[in-house]
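Student: I have a model to study. Can we go through it step by step?

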Amino acid sequence: MAELHVTPPDPAGGRAAGGTEPALGDLFRQLAQDSATLVRQEMNLAKAELKSNVKSVARDAAMVAVGGILALVGVVVLIAFLVVAVGDALDNYWLGALVVGVLFLLVGGLLAMSSLKKLKHEEVAPTRTLETLKEDKQWLQSEIKQVRRDLA
């Protein structure tokens, strides 16, 4: 969560004529500065969170690609199996090609399916940032109410 440091107005120039309360202009200037700082901090938090989420999605997408390549190798081996089976239907080495092809297909298919499941559950939206923005909105509304009460 973003931290906000509120600094009091300058004691020499930040007081009204009575000397006890900050001037209205100073209050609004401080509110504007604090709001700008808060927005900058929220943007930095959103960037960091999005960067982390994109890395996770990229990693899972790479695993889907690896799974697809392994499945493609399985298809190539199965094609070789078909060629061997048709060419030499009575020999036993075609059985080896069948086993290897099925094994590659199973491993690649399982890897691709598990990575796709993970990819579907990844959340790219910066949920923590959205949460803190709601909190910041509430804080800003309470600060505005406080300024209005002080003015009344």
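Student: Is aspartate 26 buried or exposed, and what is its relative accessible area?

Tutor: This is a predicted model, where local features need pLDDT of at least 70, side-chain atom pairs count only at pLDDT 80 or more, and totals for chains, interfaces and linings use all residues. Residues are numbered from 1 along each chain as its sequence is written, and side-chain values use heavy atoms, with hydrogens and water left out. Buried means under 20% relative accessible area, exposed over 50%, and partly exposed in between, with a 1.4 Å probe and protein chains only. Aspartate 26 is buried, at 13%.

Student: Which residue forms a salt bridge with aspartate 26?

Tutor: A salt bridge is a side-chain nitrogen of Lys or Arg within 4 Å of a carboxyl oxygen of Asp or Glu. Here the closest N and O atoms are 2.4 Å apart.

Student: How far along the helix are aspartate 26 and arginine 29 separated?

Tutor: Helices are DSSP runs of H or I with at least four residues, numbered from the N terminus; strands are runs of E with at least two. Both residues sit in helix H1, residues 24-87, three residues apart. An α-helix has 3.6 residues a turn, so residues three or four places apart point the same way. The separation is about one helical turn.

Student: How many salt bridges does a search of the whole structure find?

Tutor: Another joins glutamate 49 and arginine 128, with the closest N and O atoms 3.8 Å apart. The search finds two.

Student: How many residues apart are glutamate 49 and arginine 128?

Tutor: Glutamate 49 lies in helix H1, and arginine 128 in helix H3, residues 127-151. The pair links distant parts of the chain. They are 79 residues apart.

Student: Which counts as buried, and at what relative accessibility: glutamate 49 or arginine 128?

Tutor: Arginine 128 counts as exposed, at 55%. The buried one is glutamate 49, at 4%.

Student: Which residues of H3 are buried?

Tutor: H3 has 25 residues. Its buried residues are Thr129, Thr132, Asp136 and Val147.

Student: What pattern does the protein chain follow along the sequence?

Tutor: The chain has three helices and zero strands. Read along the sequence, the pattern is α-α-α.

Student: What percentage of the protein chain's residues are buried?

Tutor: The chain has 152 residues. Its buried share is 19%.

How values were computed:
Expected span 1.5 Å × (residues − 1).
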